[in-house]
2 protein chains.
Amino acid sequence: MTVALNQEVQTAISALAGRDISHIFLVGCGGSLSIMHAGKYFLDRHSGRLACDVYNADEFVCRDPIRLGPGALVLLCSQTGATVETIRAAAHARQRGAVTVGMTLDPSSPLAKSVNLAVPYESSYATGIPIDAAKSNYAVLLSLLAHLLEIREGAKLISPLSESLKHLQTVIDQAHESCSAKLTAYAPLFARQRTIYTLASGAAFGAAYAFAICVLMEMQRYDSQAIHADEFFHGPFEVVDKSACFIVLDGLDETRRLTARARAFLLKFGAPENILVLDAADLDMTGLDEAFRPYLAPLALFDVLWRFAYRLADLRRQPMLEGRRYMKKIANY
Amino acid sequence: MTVALNQEVQTAISALAGRDISHIFLVGCGGSLSIMHAGKYFLDRHSGRLACDVYNADEFVCRDPIRLGPGALVLLCSQTGATVETIRAAAHARQRGAVTVGMTLDPSSPLAKSVNLAVPYESSYATGIPIDAAKSNYAVLLSLLAHLLEIREGAKLISPLSESLKHLQTVIDQAHESCSAKLTAYAPLFARQRTIYTLASGAAFGAAYAFAICVLMEMQRYDSQAIHADEFFHGPFEVVDKSACFIVLDGLDETRRLTARARAFLLKFGAPENILVLDAADLDMTGLDEAFRPYLAPLALFDVLWRFAYRLADLRRQPMLEGRRYMKKIANY
């Protein structure tokens with residue numbers, strides 16, 4: 001399966017071979033935007049030639065950066081391929097002369113038709129049907145970028161990533177098992193909270209962002225937001241007392257000491273039963289190349305949190321997807 | 001005063017004349033990071049040559065992007081000039097061969113001594129002593145970038161910005177007057193809230209971010225966070241009911257329709273008395289060049305909110321600067 005995926009990605013990237021690209025814009029909305037933060041981190045760490053911006057799709061269209069032109073590659077993502085802002089962003093980028101690549105579940109969607117190259121992925125979040133995580137938008141994004149960097153800048157990234165992706169689903173399945181008891185213990189107290197913050201840094205920030213806005217706020221109506229682990233100390237930490245509720249995502253990338261510091265503060269000044277720490281260092285990452293663990297860990301952490309949300313949903317008697325009151329429920333907002 | 005300021009900025013930028021710069025990193029923490037979002041917006045709109053990233057200082061050091069090298073200009077800001085992360089970021093950037101410019105209140109501070117070029121500014125927020133807003137970090141940042149773009153890319157930006165800055169404080173003083181009755185009306189209800197979100201987009205996002213984390217959370221212990229006006233519709237809007245409390249900053253830049261949409265939603269599904277809208281279009285901007293109004297409006301909106309915070313502080317009997325429990329109160333967190 002990974003091989004087939006790689007072939008699609010390879011085809012997409014090879015089609016860009018003749019383009020002189022100096023800037024990548026990673027564009028989406030909500031959950032589809034959240035994965036782009038890990039992509040940006042990966043590019044920052046591996047590319048000397050490509051500048052990169054991450055933008056909400058409508059912000060991108062209105063902002064219309066001067067650098068958006070023939071030298072730009074715009075990589076967009078929309079689950080349904082029907083997100084109005086993202087389709088508009090693809091059209092706008094093409095009009096500016098940029099090359100566009102669109103990731104979507106649906107190869108016949110408007111987004112797929114709006115871009116130069118469409119790359120499909122799979123998702124279990126919307127359907128509940130299990131997938132191989134190697135086919136997720138998160139993994140496909142990393143594959144696209146790894147191929148781009150190997151072909152254009154000579155980095156040796158495709159082989160270790162492809163090997164790692166063969167083991168990713170197993171790593172995630174084991175993460176669910178190893179975290180299960182902890183989540184069971186934390187769920188009752190978290191279910192009764194009104195506000196839950198998520199805290200992360202580096203490649204894991206997007207996972208914290210997605211869980212805060214697309215799960216806790218969107219599906220469970222908590223007050224929530226993602227807080228960057230060092231920004232925490234420049235304002236947000238003043239809300240911490242024994243009743244404050246935080247989820248800390250400890251990743252494996254170079255920013256790890258930032259979350260370690262915030263975690264220590266939270267465990268000291270907060271109540272440990274209100275501080276749920278998910279540390280990627282506790283997960284069995286067998287089969288994942290050392291160099292790719294920092295980039296793949298956030299997906300495992302998010303997947304674990306996704307199941308945690310279902311426990312909260314049961315306890316709160318607030319259904320997940322079906323419980324939304326505005327999204328896909330009312331028209332023309 | 002503006003002339004003197006311009007001379008300092010001019011000197012700083014002229015010193016960079018020989019450098020081949022292709023990337024600007026805008027770096028700080030908390031409030032000093034928040035102003036960078038407007039700088040990034042300004043660069044996106046005006047520079048075809050300079051790529052730009054905005055990073056929390058410690059994220060920047062750990063992430064250590066490959067593009068941080070002799071072709072990079074790193075512009076840092078720290079009010080006291082003593083922020084550990086920001087000083088570390090300056091040293092790290094110089095070690096990587098980048099040229100560093102540091103903005104700080106204190107020309108003898110560690111940050112000022114760590115950078116190639118130190119540029120002073122003034123602030124009334126920390127001291128309570130009124131200043132000319134043309135000397136604020138926000139205005140100095142725009143001046144630095146305008147000089148850089150005019151000298152390097154031939155944009156005609158210095159003269160209209162300098163003229164505008166002569167009138168900025170008057171615009172802000174008038175904004176305080178014209179918003180006063182509204183803030184008096186909203187303060188009692190907002191003072192009783194537990195959670196207040198701020199919502200903005202484009203050049204105004206940083207103002208919403210600063211007010212949420214450095215004022216509402218840090219000084220008044222509200223649960224809060226800034227929400228991007230379009231991201232709002234991809235999750236966060238599900239928390240909106242008649243009890244939800246939002247501050248909407250309507251700026252004047254190209255993203256204005258994003259906040260207009262969110263504002264309409266909030267006024268429809270929320271309770272109007274819980275939705276405080278500050279619209280820059282309602283302010284008297286006489287003297288500000290049309291092209292610079294989008295970039296200067298967020299500072300006026302933030303300054304208005306700063307006074308609103310003091311009304312909340314009085315009603316909550318929670319002092320502003322003195323009421324913090326961790327920041328500058330405990331050591332070694």
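## Reading helices, loops and contacts

Analyst: We start at the end of a helix: H10(B) is followed by Arg317(B), whose phi is positive, near 50°. Keep in mind that this is a predicted model.

User: Is H10(B) mostly covered or mostly uncovered?

Analyst: Burial is judged by relative accessible area, with buried meaning under 20%. In H10(B), 17 of the 24 residues are buried, and the helix is mostly covered.

User: At what angle do H8(B) and H10(B) pack, and how far apart are their axes?

Analyst: H8(B), residues 205-220, packs against H10(B), residues 293-316, at an angle of about 20°, and the axes are 10 Å apart. Angles under 35 degrees count as roughly parallel, so H8(B) is roughly parallel to H10(B). The crossing of H8(B) past H10(B) is right-handed.

User: Which residues of H8(B) and H10(B) meet?

Analyst: From H8(B) come Ala207(B), Ala210(B), Phe211(B), Val215(B), Leu216(B), Met219(B) and Gln220(B). On the H10(B) side they meet Pro298(B), Phe302(B), Leu305(B), Trp306(B), Ala309(B), Leu312(B), Ala313(B) and Arg316(B). By class, the residues of the contact of H8(B) with H10(B) divide into 13 nonpolar, one polar and one charged.

User: What are the angle and the axis separation for H8(A) and H10(A) in chain A?

Analyst: Here H8(A) covers residues 205-217 and H10(A) residues 293-316; they pack at about 25°, with axes 10 Å apart. That makes H8(A) roughly parallel to H10(A). H8(A) passes H10(A) in a right-handed crossing. The contact is made by Ala207(A), Ala210(A), Phe211(A), Val215(A) and Leu216(A) of H8(A), together with Pro298(A), Phe302(A), Leu305(A), Trp306(A), Ala309(A) and Leu312(A) of H10(A). The contact of H8(A) with H10(A) has 11 nonpolar, no polar and no charged residues.

User: How do H6(B) and H7(B) pack: at what angle, and with what distance between axes?

Analyst: H6(B), residues 137-153, and H7(B), residues 158-191, pack at an angle of about 160°, with their axes 9 Å apart. Angles over 145 degrees count as roughly antiparallel, so H6(B) is roughly antiparallel to H7(B). Their crossing is left-handed. H6(B) contributes Ala139(B), Leu142(B), Ser143(B), Ala146(B), His147(B) and Glu150(B), while H7(B) contributes Ile158(B), Leu161(B) and Leu165(B). The residues of the contact of H6(B) with H7(B) divide into six nonpolar, two polar and one charged.

User: Why is H6(A) described as largely enclosed by the rest of the structure?

Analyst: Count the buried residues along the helix. In H6(A), 13 of the 17 residues are buried, so the helix is largely enclosed by the rest of the structure. Its length can be checked too: the 17 residues of H6(A), 137-153, should span 24 Å at 1.5 Å a residue, and the end C-alpha atoms are 23 Å apart, which agrees. H6(A) is followed by Gly154(A), with a positive phi near 75°.

User: Where is Asp64(A), and is this residue buried or exposed?

Analyst: Asp64(A) is in the loop between H3 (57-63) and S3 (72-77) of chain A. Asp64(A) counts as buried at 16% relative accessibility. Its phi is near 45°, a positive value in a residue other than glycine.

User: What is the phi of Arg221(B), and where does this residue lie?

Analyst: Arg221(B) is not a glycine, yet has a positive phi of about 55°. Its place is in the loop between H8 and S7 (226-228) of chain B. With a relative accessible area of 31%, Arg221(B) is partly exposed.

User: Which residues are in contact with Gly69(A), leaving aside its neighbours within four places in sequence?

Analyst: With those neighbours within four places left out, Gly69(A) is in contact with Arg96(A), Gly97(A) and Ala98(A). Gly69(A) lies in the loop between H3 and S3 of chain A and is buried, with a relative accessible area of 8%.

Terms used:
Residues are numbered from 1 along each chain as its sequence is written. Chains are lettered from A and ligands numbered from 1 in the order in which they are written. This is a predicted model: local features need pLDDT of at least 70, side-chain atom pairs count only at pLDDT 80 or more; totals for chains, interfaces and linings use all residues. Side-chain values use heavy atoms; hydrogens and water are left out. Axes are lines fitted to C-alpha atoms, for helices over the stretch in contact, and angles run from 0 to 180 degrees between N-to-C directions. Helices (H or I, at least four residues) and strands (E, at least two) are DSSP runs, numbered from the N terminus. Angles under 35 degrees count as roughly parallel, over 145 as roughly antiparallel, 65 to 115 as roughly perpendicular and the rest as oblique. A crossing is left-handed if the near helix is turned anticlockwise from the far one by less than a right angle, and right-handed if clockwise. Contact means heavy atoms within 4.5 Å. Ala, Val, Leu, Ile, Met, Phe, Trp, Tyr, Cys and Pro count as nonpolar, Asp, Glu, Lys and Arg as charged, and the others, Gly among them, as polar. The expected span of a helix is 1.5 Å times one less than its number of residues. Buried means under 20% relative accessible area, exposed over 50%, partly exposed in between (1.4 Å probe, protein chains only).
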